[in-house]
Amino acid sequence: MSTARDEILQALRANRPTPENHPLPPVATLGDLDASRERFITSLRILGGDVLEPVEGETLDQAILRRHPDARMICSNVPEAKGTLPVEKVKTPQDAATIDVTVVRAPFGIAEMGSIFLSEAQLPINSFAHLGQHIVVLLAADQLTANMHTAYQERPEFKTANYGVLMSGPSATADIQGVLIRGAQGVRSLSVWFT
Amino acid sequence: MSDKPVNHARAAEHFIEDAPHLQFHDERLWDMRQKRDAQMHILPEWQELREEASRIKEHTLSRLPEYLEQFETNAKKNGIHVHWARDGTEHNRIVGEILKAHNARNLIKSKSMVTEECDMRPYLAKQGVTVTETDLGERIQQLDDQLPSHIVVPAVHKLTADVAKIFAKDYHTDPNIRDPHLLAEAQRQAARPVILHADAGMTGGNFVVAETGTFVVCTNEGNADLSATVPNLHIATIGIERLVPRMADMGVFIRLLSRSALGSPITQYTTHFRGPQKGGEMHVVLVDNGRAARLGMEDFWTSLKCIRCGACMNTCPVYRRSGGLSYGAVYSGPIGAIIDPTFNERKYSTLPYASTLNGSCTNVCPVKINIHEQLYKWRRVLVQHHEMPFVKREIMHMAGKLMGQPKMYRAAIKATEVSLSTMPRFVLYNWLNPWGKHRENPHPVKQTFNDWYRKNRETAAKPAAAPETKK
C-alpha cells in the first residue's frame, strides 16, 4: 500500500508545470539600504515600539523603573540590568507569567521595520519573550541591518536558531471594529535601549 | 456535506439589509486597501517585488516534490516529526493521534486556514479535546460558531456591540461595553490561564523554507508564539504549496505580506521555527487536500501562489458589500471564488459569478495571480460542466440562438422596446429576470440603433465600401 507521502509526491510530479519554464530567479536585494539608527527608530515608532532614552547618570535599572514605575517583577537576562527576579527562577515556560518587565539583548535589528531579533540564545526559555507584560530590549546600534533582504542574507541566526522571532513593536490587534489596540496577547509595550 | 450550490446572491441580499454593518464593513476594508496603497507608494521597488515573488512561487510550484523532500530531510535533521496528509480526514486523524499519545486534552491554537479546510475542531471535540482559538478575531468567530469571514481579519463583519454580546455570554463581561480596548483586555485575561494550562499548541505556517527546514508564522497578537512556546508540544499544520526554496527568498515575501494585507510594514511577530524548544516536541503536518490536483489544472494552478494576504478581498466591490460569510465557504472573496470550486465544483458553482470582473483583485495581488481572468475561466468551465443555474442557462441558450440570427435579433430588439414601454412591471420584473432584481431595466428608446443606422448612415456608407469590392 502506498503511503500518503508517496501519493502526494507522485501526483505533484505528474501534475506540475514544466520546470524548465520556471527558472529560479537570483536572490534579490531591493530598496533602501540605509541601516541607520534614525531609520530604525522611525520604523519602530510606526509599529508602536519606543526607545528608552537614558537620562544622564542613570543606570538601566533606574531607567526601567522610570518607564515602568509600577513594575514589581523585573527579570533580566542581561548583565547590564539587575532586575528584581533572578532569571534562574524561570525554569518552566509557565514561570515567566508573573513577570512585569522582561529585559533581554537582541543580537541585531532591522532598520526598515524597526524589528529586533530574539532566539533561544538570548532567552532562558522561549516563552520569556512573550509572557511578561512589558519588554525592554538592549540593542547595539552597530548591529543594525538595512532591510529584510540584507537581514536574511547576512544574519546567520536565521539558519542556526531553532526558534527565532522578529518582534516589531509590541503585540497588537485590530480585530474589533478596526480599532488598533497595542498590547493584545503578548507584550503590552516594547522599548529599545541602545548600547 | 451538502452539494447544494451556495446561494451567494441571497446571502448577500441579507447582508445588505443591515445598513450599519454594511457601511462599516465596506469602509473598513476600503481603509485597509488605502493603507496598502500608501505602503506601495513608499516603495519604488514595489512592482519588482511582486514580480520576484511571482517568479519564486512559480519556480517552487514547478519543483514542489523536490523542495518538499528537501524540507522534510532538513526538518527531520533538526528533530521535527514530519507527517503527510492527503485530505482533511487524514490530517485530523494524525493530529488526534499525536494528542492522544501525549494524553493532551487542552489544545490552544493560532489561526490556520488549513485547519478550517479540514474542519478539525469538531473532530477533536468528539475525541474529548478542548480547542481554544487564541487569535482574537478567530476566538470571536469560534464563540459565535461561525466560519472566519475574512482570511486575515476573521470577525471584520462584526461591530463592537456584537463582540460585547458574545463575550458577555462566554466571559461574563458587561454586554453594554462599547470600548474595544475593554473587550480586547477581556480576551487577554480569559486567554492567559488557558494558555498557561494547555497541553499542546498548534499553529499554521505562512511560509516553509526548503533550504533550512524552517517554517515561518506571522501574527500581530503574538498568539502563535504563546501557543508554540508555552506548551511543550507544538503541532503545525501547513499546506504543501507554502514552500520557498531559500531563506533569502523570505525577504521578498515578508516585505509584501503585511503591506498587502493590512497596510502595515510587517506583522508585529514574524517567527521562524526550525526545531523543537528545549524539552519540547515539534510536529509538522503537510496537507494536500486537493492542492496536487489543482497543480494539474492548466488555467488555475497559479492560484497556488497565494500567500493569503486578503488584499483581493479588501479591494473587491462585491466582497465588501456581501461579506465573507455569504460565500458559504472556508475561503471567501475573489481568491475563494477561484479555489473553492476545486474543492467542490457543484457546491461552489455560484461563486465565480460573485465578481464584476473589474480586475482590481489581480492588480493588488502581491504574487500576481490573474484572479479576474481565472474567475472568467471558471465560468466557462462551469457552463461546460453544466454547473449553471437553470434560468441563467436557459437565458444564455436563448440569447445565443437569437444573436446568431441577425433578422430574429433585430425583431426581438424592437419587440423588447415595445414591451418595455407598454408591459406592466410584474411581467417585466419576476423570477425569470434575475437581472432586474436590483436594477431597473433600461429605458425604452424610440428608435433602435439599426433603424437609426439604416436611416442616417447606410446610404452614405455604401460608396465608401465600393472600392473594397473591386479588389
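How are helix 9 of chain B and helix 10 of chain B oriented to each other? In this predicted model, helix 9 (residues 160–171) and helix 10 (residues 180–196) of chain B pack at an angle of about 30°. Angles under 35 degrees count as roughly parallel, and helix 9 of chain B and helix 10 of chain B are therefore roughly parallel to each other. Their axes lie 10 Å apart, and the crossing of helix 9 of chain B and helix 10 of chain B is left-handed.

On the side of helix 9 of chain B, the contact is formed by B:Thr160, B:Val163, B:Ala164, B:Phe167 and B:Tyr171. Helix 10 of chain B contributes B:Pro180, B:Leu183, B:Ala186 and B:Ala190. By class, the residues of this contact are eight nonpolar, one polar and no charged.

**Chain B as a whole**

Chain B has 471 residues, of which 47% are buried. It contains 23 helices and 10 strands. The C-alpha trace of chain B spans about 90 × 60 × 45 Å along its principal axes. Of the contacts in chain B with a separation of 6 or more, 74% are between residues 24 or more positions apart.

**The contact between chains A and B**

In the model, 63 residues of chain A are in contact with 75 residues of chain B. On the chain A side, the elements giving two or more residues are helix 1 (4–15), helix 2 (37–46), helix 5 (148–154), helix 6 (157–160), strand 8 (163–167) and strand 9 (172–173) of chain A. Helix 1 of chain A supplies the largest share, 10 residues. The side of chain A that touches chain B divides into 34 nonpolar, 22 polar and seven charged residues.

Strand pairing also links the two chains: strand 8 of chain A and strand 9 (residues 269–273) of chain B run antiparallel and are joined by five bridges. A:Met167 is opposite B:Tyr269 in strand 9 of chain B. Strand 9 of chain B also pairs with strand 6 (residues 214–219) of chain B, in the antiparallel sense over five bridges. There, B:Phe273 in strand 9 of chain B is the bridge partner of B:Phe215.

These strands belong to an open sheet of eight strands with mixed pairing, in the order 7(A)-4(A)-5(A)-8(A)-9(B)-6(B)-5(B)-8(B). Strand 7 (144–145) of chain A and strand 8 (243–244) of chain B are the edge strands, each pairing on one side only.

**Strand 6 of chain A**

How many of the residues of strand 6 of chain A are buried? Six of the six residues of strand 6 (residues 134–139) of chain A are buried, so the strand is largely enclosed by the rest of the structure. A:His134, A:Val136 and A:Leu138 point one way from strand 6 of chain A, while A:Ile135, A:Val137 and A:Leu139 point the other way.

Strand 6 of chain A pairs in the parallel sense with strand 3 (residues 101–105) of chain A over five bridges. Another parallel pairing joins strand 6 of chain A to strand 11 (residues 189–194) of chain A over six bridges. Opposite residues in these two pairings are A:Val104 with A:Val137, and A:Leu138 with A:Trp193.

The pairings described above are listed here.

| Strand pair | Sense | Bridges |
|---|---|---|
| Strand 8 of chain A and strand 9 of chain B | antiparallel | five bridges |
| Strand 6 of chain B and strand 9 of chain B | antiparallel | five bridges |
| Strand 3 of chain A and strand 6 of chain A | parallel | five bridges |
| Strand 6 of chain A and strand 11 of chain A | parallel | six bridges |

Note on methods:
Residues numbered from 1 in each chain as written. Chains lettered and ligands numbered in written order. Predicted model: local features only at pLDDT ≥ 70, side-chain atom pairs only at ≥ 80, totals over all residues. Axes fitted to C-alpha atoms, helices over the stretch in contact; angles between N-to-C directions. Helix = DSSP H or I, 4+ residues; strand = E, 2+ residues; numbered from the N terminus. Parallel < 35°, antiparallel > 145°, perpendicular 65-115°, else oblique. Left-handed = near helix turned anticlockwise from the far one by under 90°. Contact = placed C-beta atoms within 7 Å. Nonpolar A, V, L, I, M, F, W, Y, C, P; charged D, E, K, R; others polar. Pairing = 2+ DSSP bridges. Buried ≥ 20, exposed ≤ 12 C-beta atoms within 10 Å, placed from the backbone.
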